[in-house]
2 protein chains.
Amino acid sequence: MSAQPVIILVEPQLAENIGAVARAMLNCGLTALRLVQPRPEWPNERARVNASGAEAVLDSAPLFRSVADATADLQRVYATTARPRDLSKLIMTPPQAAAEMRAELGRGERVGVLFGPERSGLVNDDVARADTVIAVPLNPAFSSLNLGQAVLLVAYEWFKAADATPLAVLHHNSSPPASKAHLASFLTRLEAELDASGFLRNAEMRPSMVRNIHALFGRAELTDQEVRTLHGILTALVTKWPKD
Amino acid sequence: MSAQPVIILVEPQLAENIGAVARAMLNCGLTALRLVQPRPEWPNERARVNASGAEAVLDSAPLFRSVADATADLQRVYATTARPRDLSKLIMTPPQAAAEMRAELGRGERVGVLFGPERSGLVNDDVARADTVIAVPLNPAFSSLNLGQAVLLVAYEWFKAADATPLAVLHHNSSPPASKAHLASFLTRLEAELDASGFLRNAEMRPSMVRNIHALFGRAELTDQEVRTLHGILTALVTKWPKD
């Protein structure tokens, strides 16, 4: 496993949230959780239920008596807060912090991120202990994130910073696109059927109607299979098959 | 308030999650929530507690009986799924979808995002109904997000995209996209004609055939005028007009 930041929950109050944190971490490939004085009894069954498959993250999480103990072996500590206080600290958004953490981990440094209790957040002393503050730019009128959500955004940006998914839009298609000749043969047949039905009988309008029909089907980026389906539909509509 | 995407929860199972969704939405400045057949009794006190200050989002959320009803007035629908299935749909990551939604909303289009039930996710028919699939690139070994977390990531990327310079998107057509209700009425008619013709008589194959037909026409980003043209084509093909 490559190096990753440690997530440190300081005095978390609700077992459900600790479970949600474990799930969000594992969603983003993070497995190193530390707990400082959790309020719920520990280990905790409700936390395990909410972890929904990420119980191993909970089971391997060590407990600490203080933030100082929990961060003693780390070289870089980030503190998350919704209300950056007057502490003259470097403040980063989650994507900025993610890039920074990737660089530090790449240099072999040990990195952790502190998250405070649900109601009150981190105390000033804990923020002061950190090297850098992470603040998430959100709706200024309603910026207080649930604990699991806050961990998710930091972990998600950390994961994204390494994500190799191409930025170009992916087309999910197991079947190859139809050849232009295949599409053209369908459109020729459709045109013939529409001529036979009288739909295209206005000679003046005909060219633009045909162009519009071509444009409409051309835009759908049809696969070979779909062109075959359209052939089948056309046959079905113009033929009166015996019911069975 | 500037235009924003509607968040649509399809058969949400847990009141806590609906509350968490409302909180995550308001964190990111979103207020338009719709509920399709929520399992918890509604309105719900546990949902309100979990909304932690975003109760107004819950209180103003209309209830719908079906996904079709909940999307009838929308022009662009996104479907979120952890498991993109073989439906030949455009797939986007949340930041890609956010940029796209900003562009669509900027053109005055009505946009919504579907989220499925916690355990099972959206059914294939609902994914087929959408124009675009949103999939979040996450730990491939553990990619299933909690409902509130999934909404948060989409809403967070939408919020983040507000700073971005709008994409210079060349729209293919000056005419506005068809509403989902208008497209659905054509597809319903086509389905009825294909049933009458016997094309869909294989009961086992029928659901996937219908889904593929929906996906194919959904992908073409049809305008209202084009849906009218398709209605005309369908009428022409199934009617024997007198030749003149």
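**A look inside the cavities**

Modeller: Let's start with the lining of the second largest cavity, whose residues split into five nonpolar, three polar and four charged. Keep in mind as we go that this is a predicted model. The volume of this second largest cavity comes to about 80 Å³. Its lining is made of residues from chain B: Gln75(B), Arg76(B), Asp131(B), Pro177(B), Ala178(B), Ser179(B), Lys180(B), Leu183(B), Phe217(B), Gly218(B), Glu221(B) and Leu222(B). If you want to find the spot by its elements, look for helix 8 and helix 9 (206-219) of chain B, each of which supplies at least two of the lining residues.

How did we find such a space at all? Rolling a probe the size of a water molecule over the atoms shows where empty space is left. Here, the count comes to four cavities of 30 Å³ or more. The largest cavity has a volume of about 150 Å³. Of the 14 residues lining that largest cavity, those closest to its centre are Phe217(A), Ile233(A), Leu237(A), Ile233(B) and Leu237(B). As for its make-up, the lining of the largest cavity has 14 nonpolar residues, no polar ones and no charged ones.

The contact takes in 70 residues of chain A and 71 residues of chain B. About 5,700 Å² is buried between the two chains, with carbon and sulfur atoms giving 62% of that area. There are also 16 residue pairs in polar contact across the interface of chain A and chain B, counting pairs with both residues at pLDDT 80 or more.

On the chain A side, the elements giving two or more residues to the contact are helix 1 (15-27), helix 5 (94-106), helix 7 (147-160), strand 8 (170-172), helix 8 (180-197), helix 9 (206-219) and helix 10 (224-238). Helix 10 of chain A gives the most, with nine residues. Sorted by type, the chain A side has 38 nonpolar, 20 polar and 12 charged residues.

Now for the charged pairs. Side chains of opposite charge can pair when their charged atoms come close. Two salt bridges are counted between chain A and chain B. In a salt bridge of Glu157(A) with Lys160(B), the closest N and O atoms are 2.6 Å apart. Over all chains, a search of the whole structure finds 28 salt bridges. Glu16(B) and Arg46(B) form a salt bridge too, their closest N and O atoms lying 2.5 Å apart. That pair links distant parts of the chain, with Glu16(B) in helix 1 (residues 15-27) of chain B and Arg46(B) in helix 2 (residues 45-51) of chain B, 30 residues apart.

Before you go, have a look at the backbone as well. Most residues other than glycine have a negative phi, and most peptide bonds are trans. In chain A, though, a cis peptide bond joins Trp42(A) and Pro43(A), with omega about 0 degrees. You'll find Pro43(A) in the loop between strand 2 (33-36) and helix 2 (45-51) of chain A. In chain B, Trp42(B) and Pro43(B) are also joined by a cis peptide bond, with omega about 0 degrees. Pro43(B) sits in the loop between strand 2 (33-36) and helix 2 of chain B. Finally, Ser52(A) isn't a glycine, yet its phi is positive at about 45 degrees. Look for Ser52(A) in the loop between helix 2 and helix 3 (55-59) of chain A.

Terms used:
Residues numbered from 1 in each chain as written. Chains lettered and ligands numbered in written order. Heavy atoms only, no water. Contact = heavy atoms within 4.5 Å. Buried area = accessible area lost by both parts, 1.4 Å probe. Salt bridge = Lys/Arg side-chain N within 4 Å of Asp/Glu carboxyl O. Polar contact = N/O pair within 3.5 Å; in protein donor to acceptor, adjacent residues only side chain to side chain. Helix = DSSP H or I, 4+ residues; strand = E, 2+ residues; numbered from the N terminus. Nonpolar A, V, L, I, M, F, W, Y, C, P; charged D, E, K, R; others polar. 1 Å grid on protein atoms, 1.4 Å probe; cavity = no way out; pocket = protein on both sides within 12 Å on 5 of 7 lines; lining within 4 Å. Points joined across faces, edges and corners; volume = space filled by probe spheres on them.
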